[in-house]
Amino acid sequence: MKQIHIKTAALYRFKLKYFFLLIFLLAINKITPAQCPPNIDFELGNFTGWQCWVGNVTVFNGKNTINWNPNLPVNPNLYPSRFQMLSSNPGNGIDNYGRFPRNCPNGSGYSIQLGNNQAGAQAEGVSYTFTIPPGQNQFNLIYYYAVIFQGPQHQNNQQPRMVIDINNITDNVKIDCSSFEFFKDINNTLPG
């Protein structure tokens, strides 16, 4: 039996009006029929089972670093502009910046939006920990996301970004093939 921990963070560094938006939906497909972890897909229409985090971003030793404040999960209801639950019924319309649907088009009832259009090197994160049943060593983890980055003229380690880390916490190992960092670099490309 292994415990898997998913953590995604919307990290961004701002000057004045730089903007980052993340709309994130997570779903799990297993190769063998099994019960999905409760609310991992947000279908309860809330953050039950998820931990939410707020903080800020700094560059330390040349690396973009999150400082969670406090270093404990927070109630997302206390930060309504930074953690938004989006419902496909009636729908949340089109994103003002990216011109794509704010609700995930995969047929899910709910998606979440992390971040806002405020300045201040803010960071938001959500995480979910679940257990893979004994003998079930193969699984698929599928997440859908859309990001909006405004590329300020900063060095790459200062650019707005989205980080998705998937960790096997039983063995204390990051699962690299499912973990990604996305940002718009100074050459106006999107590595990751």
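**Exercise 1. Is Tyr 145 buried, partly exposed or exposed?**

Before we start: this is a predicted model, where local features need pLDDT of at least 70, side-chain atom pairs count only at pLDDT 80 or more, and totals for chains, interfaces and linings use all residues. Residues are numbered from 1 along each chain as its sequence is written, and side-chain values use heavy atoms, with hydrogens and water left out.

*Step 1.* Get the cut-offs: buried means under 20% relative accessible area, exposed means over 50%, and partly exposed is in between (1.4 Å probe, protein chains only).

*Step 2.* Tyr 145 has a relative accessible area of 37%, so it is partly exposed.

*Step 3.* Now look at its ring partner. Tyr 145 and Phe 182 make an aromatic pair of the tilted kind, 5.0 Å centre to centre with 40 degrees between the planes. Rings of Phe, Tyr and Trp (its six-membered ring) pair if their centres lie within 6.5 Å; planes under 30 degrees apart are stacked, over 60 edge-to-face, and the rest tilted.

*Step 4.* This pair links distant parts of the chain: Tyr 145 belongs to strand β8 (residues 140–149) and Phe 182 to strand β11 (residues 180–183), 37 residues apart.

**Exercise 2. Describe the overall make-up of the protein.**

*Step 1.* Count the elements: there are zero helices and 11 strands. Both are DSSP runs numbered from the N terminus: helices are H or I with at least four residues, strands are E with at least two.

*Step 2.* Check burial: of the 192 residues, 43% count as buried.

*Step 3.* Turn to contacts, meaning heavy atoms within 4.5 Å. Among contacts with a separation of 6 or more, 69% come from residues 24 or more positions apart.

*Step 4.* Finish with the surface: the accessible area is about 10,100 Å², and 50% of that belongs to carbon and sulfur atoms. Such areas come from the Shrake-Rupley method with a 1.4 Å probe, and for residues only the protein chains shown count as cover.

**Exercise 3. Follow the rings around Phe 42.**

*Step 1.* Searching the whole structure turns up nine aromatic pairs. One of them joins Phe 42 and Phe 47, edge-to-face, at 6.0 Å centre to centre and 75 degrees between the planes.

*Step 2.* Widen the view: ring pairs link Phe 42, Phe 47, Trp 50, Phe 83, Tyr 128 and Phe 130 into a cluster.

*Step 3.* Zoom back in on Phe 42, which sits in the loop between β2 (20–29) and β3 (51–60). Its relative accessibility is 0%, so Phe 42 counts as buried. Phe 42 also has a positive phi of about 65 degrees, although it is not a glycine.

**Exercise 4. Work through the salt bridges.**

*Step 1.* What are we looking for? A salt bridge is a side-chain nitrogen of Lys or Arg within 4 Å of a carboxyl oxygen of Asp or Glu. The whole structure holds three of them.

*Step 2.* In one, the side chains of Glu 124 and Arg 82 meet at 2.4 Å, N to O. Glu 124 lies in strand β7 (residues 122–132), while Arg 82 lies in the loop between β4 (63–68) and β5 (83–87), 42 residues apart. Both Glu 124 and Arg 82 are buried.

*Step 3.* Another salt bridge joins Arg 161 and Glu 181 at 2.3 Å, N to O. Arg 161 is in strand β9 (residues 161–168) and Glu 181 in strand β11, so this pair ties together parts that are 20 residues apart in sequence. Arg 161 is buried at 3% relative accessible area, whereas Glu 181 is partly exposed at 33%.

*Step 4.* Arg 161 also lies over the face of Phe 183, 4.6 Å from the ring centre. A charge sits over a ring if NZ of Lys or CZ of Arg is within 6 Å of the ring centre and within 35 degrees of the ring normal.

*Step 5.* Lys 174 and Asp 165 form a salt bridge too, at 3.3 Å, N to O. Lys 174 is partly exposed at 42% relative accessibility, and Asp 165 is partly exposed at 24%.

**Exercise 5. Find the cis peptide bonds.**

*Step 1.* One joins Asn 69 and Pro 70, with omega about -5 degrees; Pro 70 is in the loop between β4 and β5.

*Step 2.* Another joins Asn 89 and Pro 90, with omega about 15 degrees; Pro 90 is in the loop between β5 and β6 (110–114).
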